[in-house]
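Hi,

Here is the structure I promised to pass on.

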Amino acid sequence: MLAAAVPARANDLEGMFGNSEPPFEHSTGLYAFLPPGGWNCQQQRDSSVQCQASSTGAMLRIEHWTIEGQLDSELMAFNEERKLQKLPHFRKNGGGRLLLGDVKASIRSFVFDYQGNAEYPVAVEELYVVSGGKAIRVHFEVMARAMPSHARDLKQLYDTFGVAEVDALGQVVTAARPRNAPGQRKKGPAPRGGPPAYP
């Protein structure tokens, strides 16, 4: 788990995309998105991506791995949730399913107490995506009292998160581009706040 920092002040975005950082594209072409303003994202040596919000110290970590056999985002969410239930005073806050373009994804939200201390609840939201032979986990973490100030950040992340077409061996066939970027025509309803369910 990522260590959550105590927030300094509320996030203050200037419109949905008015204060965005440049588009972030993973070096493999597996995914791409528009980071919200004030977010610093860096690809790590292990190929994961870490972002930090300058306003609250919130952390975002994106990891991916090659899979074998059958796995979808809901099964992935179920498996990951079982692991997370071991955190101190774990409380599930909900979840749902959404579409990232044509790619199915699942979300789970929960709270746990940092080092078991009830005075420091930490809010976490995870997004799970499977494309061909690749699984992607997006882990967002911040002190619970700062979570509402990041609702627009997460909406922007989900609205713009693009996933590559990947073959069964985990090789990128068509590189991802951010979805619904400024200047692009937006397709379909925004996933957050009323995610379209899929079968």
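A quick definition before the notes: two cysteine sulfur atoms within 2.5 Å of each other are called a disulfide here. Keep in mind that this is a predicted model.

Cysteine 41 belongs to strand S3 (residues 39–43) and cysteine 51 to strand S4 (residues 49–53), so the bond ties together parts that are 10 residues apart in sequence. Is the disulfide right-handed or left-handed? The torsion about the S-S bond of cysteine 41 and cysteine 51 is about 110°, so this disulfide is right-handed. Both cysteine 41 and cysteine 51 are buried.

Next, the aromatics. The count of aromatic pairs comes to five. One of them joins tryptophan 39 and phenylalanine 140: the ring centres are 6.0 Å apart and the planes stand at 45°, so the pair is tilted. Tryptophan 39 is in strand S3 and phenylalanine 140 is in strand S9 (residues 134–143), so this pair ties together parts that are 101 residues apart in sequence.

Strands S1, S2 and S10 form an open sheet in the order S1-S2-S10, with antiparallel pairing. Strand S1 (24–25) and strand S10 (162–163) are at the edges with a single partner strand each, so one side of each has no neighbour in the sheet. S1 is joined to strand S2 (residues 31–33) by two bridges.

Now for the helices. In helix H2 (residues 151–160), seven of the 10 residues are buried, so the helix is largely enclosed by the rest of the structure. The buried ones are Asp153, Leu154, Gln156, Leu157, Tyr158, Asp159 and Thr160. Take tyrosine 158, which has its place in H2: its relative accessibility is 1%, so tyrosine 158 counts as buried. Between tyrosine 158 and leucine 34 there are 9.4 Å in space, C-alpha to C-alpha, although the two are 124 residues apart in sequence.

Last one: glutamate 80, which is found in helix H1 (residues 73–84). Is glutamate 80 buried or exposed? With a relative accessible area of 8%, glutamate 80 is buried. Leaving aside residues up to four places away in sequence, glutamate 80 touches Glu126, Tyr128 and Arg137. Arginine 137 is 57 residues away from glutamate 80 in sequence, and the two are 9.4 Å apart in space, C-alpha to C-alpha.

That's the lot from me. Over to you!

Technical notes: Residues are numbered from 1 along each chain as its sequence is written. This is a predicted model: local features need pLDDT of at least 70, side-chain atom pairs count only at pLDDT 80 or more; totals for chains, interfaces and linings use all residues. Side-chain values use heavy atoms; hydrogens and water are left out. Two strands pair if DSSP finds at least two bridges between them. Helices (H or I, at least four residues) and strands (E, at least two) are DSSP runs, numbered from the N terminus. Buried means under 20% relative accessible area, exposed over 50%, partly exposed in between (1.4 Å probe, protein chains only). Rings of Phe, Tyr and Trp (its six-membered ring) pair if their centres lie within 6.5 Å; planes under 30 degrees apart count as stacked, over 60 as edge-to-face and the rest as tilted. Contact means heavy atoms within 4.5 Å.
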